[in-house]
Structures are given as C-alpha cells and as structure tokens.
Amino acid sequence: MREVRESDIETFYLQQADPESAAMAAFQSRDREAAFARWREIMANESGVSRTIVVVGSGGREAVAGHIVSWEHDGVQEVGYWVGREFWGRGVATEAVRQFLAVISTRPLFAWAAAHNAGSQRVLEKNGFTYQRDDEGFRVYRLD
C-alpha cells in the first residue's frame, strides 16, 4: 500500500465503472466527473485515511489493484475497500485490509459488505471482523 496519488484516480474510476464489480459491491457507479470529484474530496479530508492498494508484478512493475479508505460516519469509524476484478481471488483484499488495520488504530471499526458478496465477507472475517447484523442488503461487520 501507499499514499493515494492523483494519477491513481483514473484506475479507481475504471474499477468502479466495471459493471460486474459494481454489481458485486452493490454500488451505483459514478460517471467520470463525479468519481474524480469524490476522490479529490477524499484526498482533501484530513480526518480520513486513504491508501492505494498496489501489486508488484514481474520485473518489479507496480499495478494499482484498488484502494482502501477509513472515515467517520454517524459517530463510528468505517472502512471500505475496492479491488479491481482482475485481482479477485488472489488474496489482495485480505492482505490490504490486514496492512491497513496496522495504520488505523480506532476501534471499534465497522465495515459493510453486500449480502451476496461472500468474498468480501470472508476478507473481513479473515481479518478479525465479526458479523453484527443485516441492513438493507448489506452485512455489517465490526472489529473491536
């Protein structure tokens, strides 16, 4: 993981615009302008923490695999992540969450996963999150 760079936003936009990925996350994709504006807000928010998830391939070339963020919402600290479809099933999200938990010390920490997204639920469980409840098509997890 590393700090988010302006140049990462294009990849983040393309990843969230992928219909299969958006369906898996139960997320309404943003158009390009809205996606870039939202990422600039995230990067400017001094109370939030955001990181780019990177994978180093053959020859040491770095690929942007996704992102992970944490922010306060309604008095609780939340975490969310997105990994591009080409990186699914490789342990990238699990490792990114593990590393990010060393950066974010606030507990409890909450995460939401689409009820049909067993992979994301498993990522959270492997990192010590416990299921709390279902809420409007999502499963809510907590880490103490």
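Student: Where in this predicted model does Ala 26 lie?

Tutor: Ala 26 belongs to the loop between α2 (19-25) and α3 (32-44). Its phi is near 55°, a positive value in a residue other than glycine.

Student: Why is Ala 26 called partly exposed?

Tutor: The relative accessible area of Ala 26 is 41%. Buried requires under 20% and exposed requires over 50%, with partly exposed in between. The value of 41% falls between these limits, so Ala 26 is partly exposed.

Student: What makes Glu 136 count as exposed?

Tutor: Glu 136 has a relative accessibility of 77%. Glu 136 is placed in the loop between β6 (130-135) and β7 (138-143), and it has a positive phi of about 50° although it is not a glycine.

Student: How is Trp 88 classified, and why?

Tutor: The relative accessible area of Trp 88 is 32%, a value between the limits of 20% and 50%, so Trp 88 is partly exposed. Trp 88 is located in the loop between β4 (76-83) and α4.

Student: Which residues does Trp 88 touch, leaving aside those up to four places away in sequence?

Tutor: Trp 88 touches Glu 20, Ser 21, Met 24 and Val 83. For such a contact, heavy atoms must lie within 4.5 Å. Val 83 also has a place in the sheet, where Gly 66 stands opposite Val 83 in β4.

Student: How do you know that β3 and β4 pair, and in which sense?

Tutor: Strand β3 (residues 62-73) and β4 are joined over eight bridges in the antiparallel sense. In general, strands of a sheet pair through backbone hydrogen bonds, either parallel or antiparallel.

Student: What is the strand order of the sheet?

Tutor: The seven strands form an open sheet in the order β1-β2-β3-β4-β5-β7-β6, and the pairing is mixed.

Student: What makes β1 and β6 edge strands?

Tutor: Each of β1 (2-3) and β6 has a single partner strand, so one side of each is left without a neighbour in the sheet.

Student: How many helices and strands does the protein chain have, and what pattern do they follow?

Tutor: The protein chain has five helices and seven strands. Along the sequence the pattern reads β-α-α-α-β-β-β-α-β-α-β-β.

Student: What makes the peptide bond between Arg 107 and Pro 108 a cis bond?

Tutor: Omega is about 0° for the bond that joins Arg 107 and Pro 108, and this bond is cis. Pro 108 lies in the loop between α4 (92-103) and β5 (109-114).

Student: How do you know whether the radius of gyration of the protein chain agrees with that of a compact globule?

Tutor: For 144 residues, a compact globule would have a radius of gyration near 15 Å; the protein chain has 14 Å, so the value agrees with the globule rule. The C-alpha atoms fill a box of roughly 40 × 30 × 30 Å along the principal axes.

Student: What share of the 144 residues counts as buried?

Tutor: The share is 40%, where buried means under 20% relative accessible area. The protein chain exposes about 8,100 Å², of which carbon and sulfur atoms supply 48%.

Key:
Residues numbered from 1 in each chain as written. Predicted model: local features only at pLDDT ≥ 70, side-chain atom pairs only at ≥ 80, totals over all residues. Heavy atoms only, no water. Helix = DSSP H or I, 4+ residues; strand = E, 2+ residues; numbered from the N terminus. Buried < 20%, exposed > 50% of the residue type's maximum accessible area, 1.4 Å probe, protein only. Rg over C-alpha atoms; globule rule 2.2 N^0.38 Å. Areas by Shrake-Rupley, 256 points an atom, 1.4 Å probe, with all protein chains shown as cover. Pairing = 2+ DSSP bridges.
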